[in-house]
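Here are a few notes to read with the structure open beside you. Take them one at a time and find each spot as you go.

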Amino acid sequence: QVQLVESGGGLVQAGGSLRLSCAASGRTFSSYAMGWFRQAPGKEREFVAGINRSGGSTNYADSVKGRFTISRDNAKNTVYLQMNSLKPEDTAVYYCAARSPFASLYSYWGQGTQVTVSS
């Protein structure tokens, strides 16, 4: 099992930047594909970005492509989400998640960190 703790959320003006971090503990971090998701008030949780175990492959939701970058440091057991050119519609609770090898779903979730973008 892996435990995930997000940090780095906060209040930022539109056009600004934030970097979220997700620290993992437990079983070998590099065994897991990682993802970032978000949930805005009244909306369902949605996928934001994903990264494979080595960090060599990433994918993004269309709404954040070109503005957000996911990365990982397996030596530090941490995954990051660099968010640039933030928009008010990016306001949400952001969650990191881990997917076990050969699994199709993300099994482990952090508690979330709030990101609020003011206009």
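**Notes on the strands and the disulfide**

1. Let's start with a pairing: E9 and E11 run antiparallel to each other, joined by three bridges. To find the spot, look for Val-93, which sits opposite Gln-114 in E11. Keep in mind throughout that this is a predicted model.

2. Now follow the side chains along strand E11 (residues 113–118). Which of them are buried? Thr-113, Val-115 and Val-117 are, and they point to one face.

3. Next, the open sheet of four strands. Its order is E1-E3-E8-E7, and the pairing is antiparallel. At the edges you'll find strand E1 (2–7) and strand E7 (68–73), each of which pairs on one side only. Going from one strand to the next, the twist averages 15°.

4. Zoom in on one pair in that sheet. E1 and strand E3 (residues 18–26) are antiparallel, with six bridges between them. A handy landmark is Leu-4, which stands opposite Ala-24 in E3.

5. How many disulfides are there in the whole structure? A search finds one. It joins Cys-22 to Cys-96, with an S to S distance of 1.9 Å. Is the disulfide tucked away or out in the open, buried or exposed? Cys-22 is buried, with a relative accessible area of 0%, and Cys-96 is buried with a relative accessible area of 0% as well. As for handedness, the torsion about the S-S bond of Cys-22 and Cys-96 is about 40°, so the disulfide is right-handed.

6. Finally, have a look at Ser-100, in the loop between E9 and strand E10 (108–109). Ser-100 has a relative accessible area of 18%, which counts as buried because the cut-off is under 20%. Leaving aside residues up to four places away in sequence, Ser-100 touches Tyr-32, Ser-107 and Tyr-108.

Conventions:
Residues numbered from 1 in each chain as written. Predicted model: local features only at pLDDT ≥ 70, side-chain atom pairs only at ≥ 80, totals over all residues. Heavy atoms only, no water. Pairing = 2+ DSSP bridges. Helix = DSSP H or I, 4+ residues; strand = E, 2+ residues; numbered from the N terminus. Axes fitted to C-alpha atoms, helices over the stretch in contact; angles between N-to-C directions. Disulfide = S-S within 2.5 Å. Buried < 20%, exposed > 50% of the residue type's maximum accessible area, 1.4 Å probe, protein only. Contact = heavy atoms within 4.5 Å.
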